[in-house]
Amino acid sequence: MRILLAEDDSVLADGLTRSLRQSGYATDCVMNGMEADSALSTQDFDLLILDLGLPKMSGLEVLRRLRARNSRLPVLILTAADSLEQRVKGLDLGADDYMAKPFELSELEARVRALTRRGAGGGPTVIKHGPLSYDQVGRIAYINEQMLDLSARELGLLEVLLQRTGRLVSKEQLVDHLCEWGEEVSNNAIEVYVHRLRKKIEGGGVRIATVRGLGYCLEKIVEPQVTNALSAGTAPPFSPDTSGRR
């Protein structure tokens with residue numbers, strides 16, 4: 001998931017950005033309303049965390065312009081504790097949720113998880129693919145009920161592949177979803193992440209297939225038909241030996 005954080009308090013912005021990235025979210029940060037509006041007009045995000053007290057362009061105006069472009073991007077607004085009128089205006093303009101400062105980081109992360117799920121269409125909390133399951137709330141993956149030890153980038157990669165099961169995902173799409181705006185990430189780096197994730201999941205009945213020049217796809221490993229027939233107690237048809245040998 002890719003998040004845009006619009007916050008002019010550099011200390012708060014730095015702390016939120018670090019925390020969200022450690023949780024596996026690709027997070028971009030802008031410090032004023034003009035930069036936020038520009039980023040939203042030219043880039044794709046899964047969530048906007050918007051401080052209403054931004055310089056150069058207010059957060060309310062950023063939100064108004066966003067909704068005027070018919071964007072349904074989930075928006076979590078941050079406001080001062082005493083700004084009830086601004087909170088009401090933000091919700092009326094189409095914000096999905098708000099938090100009053102100061103707030104607990106754990107609560108913000110919980111709301112981020114809820115809003116990103118809602119933005120993805122309110123799908124199931126747990127995504128399953130054969131023996132593989134992924135808990136989007138807890139950000140934990142299992143194969144055959146055994147928890148996988150995955151890094152934040154590996155979790156993000158797995159999430160993207162699971163949400164596009166049966167479809168090819170290009171390296172460019174992975175960069176867009178896993179990496180911050182302007183971050184330099186080579187194709188080799190993406191291949192390293194894929195290689196590491198592949199080693200951790202392929203023994204459990206799923207694999208990451210590579211289509212050279214196009215991208216990657218998550219697949220279930222299907223046993224050969226002969227193996228399936230033997231396991232079912234049947235054998236392949238008998239073919240008599242007509243070679244004359246004994």
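Colleague: Which side chain of opposite charge is nearest to Glu 109, and how far away is it?

Modeller: In this predicted model, Glu 109 sits in helix α5, residues 105-119. Glu 109 is buried and has no salt bridge. A salt bridge needs nitrogen and oxygen within 4 Å. The nearest side chain of opposite charge is Arg 113, at 4.7 Å.

Colleague: Which residues does Glu 109 touch, not counting those up to four places away in sequence?

Modeller: Contact means heavy atoms within 4.5 Å. With residues up to four places away left out, Glu 109 touches Ser 19 and Ser 23.

Colleague: How do α2 and α3 lie to each other, roughly parallel or roughly antiparallel?

Modeller: The axes of α2 (residues 33-42) and α3 (residues 59-68) come within 9 Å and cross at roughly 15°. The crossing is right-handed. Angles under 35 degrees count as roughly parallel. The helices α2 and α3 are therefore roughly parallel.

Colleague: Which strands does the salt bridge between Asp 51 and Lys 101 tie together?

Modeller: The side chains of Asp 51 and Lys 101 meet at 3.3 Å, N to O. Asp 51 is buried at 6% relative accessibility, whereas Lys 101 is partly exposed at 23%. The two are 50 residues apart in sequence, so the pair ties together strands β3 and β5.

Colleague: What separates Glu 61 and Arg 64 along helix α3?

Modeller: Their side chains form a salt bridge of 2.7 Å, N to O. Glu 61 is partly exposed at 22%, and Arg 64 is partly exposed at 40%. Glu 61 and Arg 64 are three residues apart in α3, so the separation is about one helical turn.

Technical notes: Residues numbered from 1 in each chain as written. Predicted model: local features only at pLDDT ≥ 70, side-chain atom pairs only at ≥ 80, totals over all residues. Heavy atoms only, no water. Helix = DSSP H or I, 4+ residues; strand = E, 2+ residues; numbered from the N terminus. Buried < 20%, exposed > 50% of the residue type's maximum accessible area, 1.4 Å probe, protein only. Lys, Arg positive; Asp, Glu negative; His and termini not counted. Axes fitted to C-alpha atoms, helices over the stretch in contact; angles between N-to-C directions. Parallel < 35°, antiparallel > 145°, perpendicular 65-115°, else oblique. Left-handed = near helix turned anticlockwise from the far one by under 90°.
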